[in-house]
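Here is my note on the model you sent. Please read it with the coordinates open.

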Amino acid sequence: MSDQFQGIEPMVYQSKINVPYSWWAGDTATRFFVALRDEKKITATKCGACGKVFLPPRKVCPLCFTENAEWVNISDEGTVLTFSVARRQLAAIPQDRKVPVIWCLIKLDGADTAMLHYLDEIKPEDVTIGMRVKAVFSEKRKGTIRDISHFKPVK
Amino acid sequence: MDRAAIIGVGMTKVEKSKVRETFADMAWEAVNKALADAGMTIDDIDNVVTTSSDFWDGRTISCMAVGDASGAADKNVSCVEGDGTYGAFYGYTRALSGSYKTTLVTGHSKGSQCVSSLITNASFDPIYDRELGMDMITACAMQANAYMNRTGLRPEDMAMVSVKNHGNAFKNPLAQLPMNITVPDVIKSEMIADPLHKLDCSPVSDGCCAVIIAHESVATKFKQKPVWIRGLSFCTDSFFFGDRDLARSNALAEAANNAYKIAGIKDPKKEIDIVELYDAFTYQELLWLEEMGLADYGKAAKLLEAGKFNMDGPLPVNPSGGLLAGHPVIAAGLYRIAEVVMQLRGDAGEHQVKKAKTGLAHGVNGLCGQSHCVWILDKER
Amino acid sequence: MAKRVAIVGTGQTFHKSHRPDVNGQELINEAVQRALADANLTMKDINAILIGNMDHFEGINYVDCWSVDGSGGVMKPVIKITTGGTTGASLAVGGYHMVGSGMFEKVLIIGWEKNSESDTTGAITTAFDPVWDRQVFAGAISGLAAEAQAYMARYGASDRDAARVSVRDRKHAMNNPHAQLRKEISLEDVLASPMLADPIHLLDVCPRTDGACAVIMASEDIAEKICPNPDWLWGTGARHSYAYLGDCDWGRLTSMERVAKEIFKKAGIKEPRKELDVIEMYQPYSFAGLIWIEDMGIVGYGEAPQYVADGNTDMGGELPINPSGGVIACNPIGATGLIRCAEAAMQVMGKADARQVLDVNFAVSTGFGGCMWTDMLLHGKKKPN
């Protein structure tokens, strides 16, 4: 920094970007969330060309690029592919969840791709890749991914 | 295809917080350094590509903040959003498409000005994933677990990367965090998200880098030795983590192999002399080296332990200290390019590696390395 | 050797104020599928993808990474270009260089926006410097109002002159099934509509739209095999005018003047008014339809009001402007600049259906955005030399 600024304290302005959003889920996601909310059912779409079953459901198969017209029911049980445990209360973590928070990728039986969600009713040290887990639904469901409260271990 | 070279680079020091400087101040510094390095004036620059992120900068049309300071006032200009290696890729195509001969590429960000957890959380899909509250760190922790489970990698193995890179930073005056640490120091540091300790993670820093790319017809016209762009490529994997195999990086393998093909490199393990890669987290240095074909899958840690990737080893990796020693997001990949350029010119000063004819620079976009950009640079044409 | 570049296919969604039936990825996919169909190509044929939008309008970081399921980008090179309102045009320019360099033979370019999902003004306000300008600026309209006032003061024009532009574009939109607003309006309608920021009325400005557009560009090595009469790109350019509000020459769009001069000189166009056959201009408000065609060199300073009033820029006139209805009839911001490019391409390729201008040899498409930035592309039926 050149001499002309010597002795001048740098000013710092605090601010926030407040750009409210509402994201259209689209018909495909809407159908998924309605089933989740009203029937506690997990559903997915299947590609007519390659047969792959996508969770979260996709309107179009990203690999074949054709529309997925078929819906299938997915089990609420599956296998943990990998996981993550937050120990520091990072800013993105929702207010109602205190560390340690465990997220995992779960391959539910019937789906070819895995979904992201919380793992609970277990100590972080006991989480293993390959363990079996089952969805626990929230009492109050609003049609969001947190209509599933978390996944819990299955014997 | 015609060829192009990098004929000037300029980097600001990477710092935790450049509280006295705006984005434009940083750009002004980096651009002037690059021009001086090249022996050019701003009038010798035909067009400008700036690289920035609206999210990281907290402003829509973030390129506006640096346009004038980057000399774009009466010039053809455009902006790439993403890592600097992508901005430079576009700048490269602009030097070869017949409209311009020289492109100035800049990349900047001021991590000190934002809450990075919220910024990276915004990369998650707003309908299915975002409200679960993950961010870049917890996402990469998830990848690290998958990678460790697949390969048997231990926390001590990853920690060695941190020891090496922070140690290398002592010889790089521009690095933010030179640190003399041991593997136990890394393991004892705060666990942020299993298995990533604080010292397994790069900081989020402030910095700006500028490079000047020139078409071969003018590459030797100015004062600097040109460093030739032999090959480059980029590739993006699926978006949802559940669609990917997080323990691998198909997109990096594809980008690297493509870049080698364009460069005519048949045996990268033998032909690459120095690597500057995107080590946002310790495990990434190992996984990326393997997917680039510079180590067999699951074997990089052993080679690291044997000293292969040390500054005085047979294949130095991140002699600059890498991102672990200072991480200005967005600019990060451009710094990697600039560092390799300096190495190949023999201008890297104290952190100069001995053998430096062909180098690899690497940048990443997205969560858990969803997208990769690989550059092969060479001292010789 | 650099390659000559042509547009070989385009696709758009049917733009609407709200598209609740699709999320962003699915919207993108619609435009992409249409462009591929238009060019008779499949996703496998595409070598790279360029995509853009304005981040804060969708609230998604790293959109190039997020959108791959819809864009077809899985395991392909994907890159994001974003320059504010002119993003769509900057993307087209980007495609031109990516192909022209010889690095990619066929690229897919996508511009999109779901404006219904966000607070547009809130987002645009973040474009302005937080220390100097943001507190006093109120979205895009303030800057445009300042420009309109300055132009009126310098050349004696009126809001009535500008309203004629809105009337023209809304009438043109009747021929375009993709446009959002398809209802004609009269001069009186425009002048009676609510005043937003003096002298700009509601019907002088563009709407907010959900929409996507995709354009496929190919190198000369293959363009004519894909499409026998492609749209050849003769030149591209961009300039910006300012970073702080006080830097502009209010009443003139300096960036348009400079980039037009550069492109026309390079192409050997000496009298744009005579040599151009159609213009798709990124015209976010009616006054721009007067001011900026002067800056482009079509007519002299202050002459546009009469030129437009005489019907020269209407369909059937000497130099039709915005046969698609332009931005005033439809504005999905990240797509808008690319739609101008696609519409110009359709004119050259003879694919513009009810809005086709006859015998198009040269067309111009432009983009406009924050910092009074202008992108411009010159499209031609013949292959450039």
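This is a predicted model: local features need pLDDT of at least 70, side-chain atom pairs count only at pLDDT 80 or more; totals for chains, interfaces and linings use all residues.

The numbered points below go through the chains, one interface and a few backbone details.

1. **Chain B overall.** The secondary structure of chain B comprises 12 helices and 11 strands. Its radius of gyration is 19 Å, close to the 21 Å from the globule rule for 381 residues, so chain B is as compact as a globular protein of that length. Along the principal axes, the C-alpha atoms of chain B fill a box of roughly 55 × 45 × 40 Å. Burial reaches 70% of the 381 residues. Among contacts in chain B between residues at least 6 apart in sequence, 78% link residues at least 24 apart.

2. **Chain C overall.** Here there are 15 helices and 11 strands. Of the 385 residues in chain C, 65% are buried. For contacts in chain C between residues at least 6 apart in sequence, 78% join residues at least 24 apart.

3. **The B–C interface.** How many residues of chain B are in contact with chain C? There are 49 of them, facing 51 residues of chain C. On the chain B side, the elements giving two or more residues are helix H2 (54-57), strand E3 (76-81), helix H3 (84-96), strand E8 (227-236) and helix H8 (250-263). E3(B) provides the largest share, 6 residues. By class, the side of chain B that touches chain C has 21 nonpolar, 18 polar and 10 charged residues.

4. Glu81(B) has Lys80(C), in E3(C), as its bridge partner. Strands of a sheet pair through backbone hydrogen bonds, in either a parallel or an antiparallel sense. I would show this pairing in a figure of the interface.

5. **The sheet in chain A.** Chain A has an open sheet of 3 strands, in the order E2-E1-E3, with antiparallel pairing. Strand E2 (53-54) and strand E3 (70-74) of chain A are the edge strands, each pairing on one side only. Strand E1 (residues 42-46) of chain A pairs with E3(A) over 5 bridges, in the antiparallel sense. Within that pairing, Lys46(A) stands opposite Glu70(A) of E3(A).

6. **Cis peptide bonds.** Most peptide bonds are trans. Two cis bonds deserve a look. One joins Leu55(A) and Pro56(A), with omega about 0°. Pro56(A) lies in the loop between E2 and E3 of chain A. Another cis bond joins Asp194(B) and Pro195(B), again with omega about 0°. Pro195(B) lies in the loop between strand E5 (191-194) and strand E6 (196-197) of chain B.

7. **Positive phi, chain B.** Most residues other than glycine have a negative phi. Ile330(B) is not a glycine, yet its phi is positive, about 75°. The residue lies in the loop between helix H11 (300-305) and H12 of chain B. Is Ile330(B) buried or exposed? It counts as buried, because 30 other C-beta atoms lie within 10 Å, and the cut-off for burial is 20 or more.

8. **Positive phi, chain C.** Asp353(C), also not a glycine, has a positive phi of about 45°. Its place is the loop between helix H15 (333-349) and strand E10 (362-369) of chain C. Asp353(C) has 10 C-beta neighbours inside 10 Å, so it counts as exposed; the cut-off for that class is 12 or fewer.

9. **Helix H12 of chain B.** This helix covers residues 332-345, 14 residues in total. It reaches 20 Å from first to last C-alpha, close to the 20 Å expected at 1.5 Å a residue. H12(B) is mostly covered, with 13 of its 14 residues buried. Gly346(B) follows H12(B) and has a positive phi, near 80°.

Definitions and conventions
Residues are numbered from 1 along each chain as its sequence is written. Chains are lettered from A and ligands numbered from 1 in the order in which they are written. Helices (H or I, at least four residues) and strands (E, at least two) are DSSP runs, numbered from the N terminus. Two residues are in contact if their C-beta atoms, placed from the backbone, lie within 7 Å. The expected span of a helix is 1.5 Å times one less than its number of residues. Two strands pair if DSSP finds at least two bridges between them. Ala, Val, Leu, Ile, Met, Phe, Trp, Tyr, Cys and Pro count as nonpolar, Asp, Glu, Lys and Arg as charged, and the others, Gly among them, as polar. The radius of gyration is taken over C-alpha atoms; the globule rule is 2.2 Å times the number of residues to the power 0.38.
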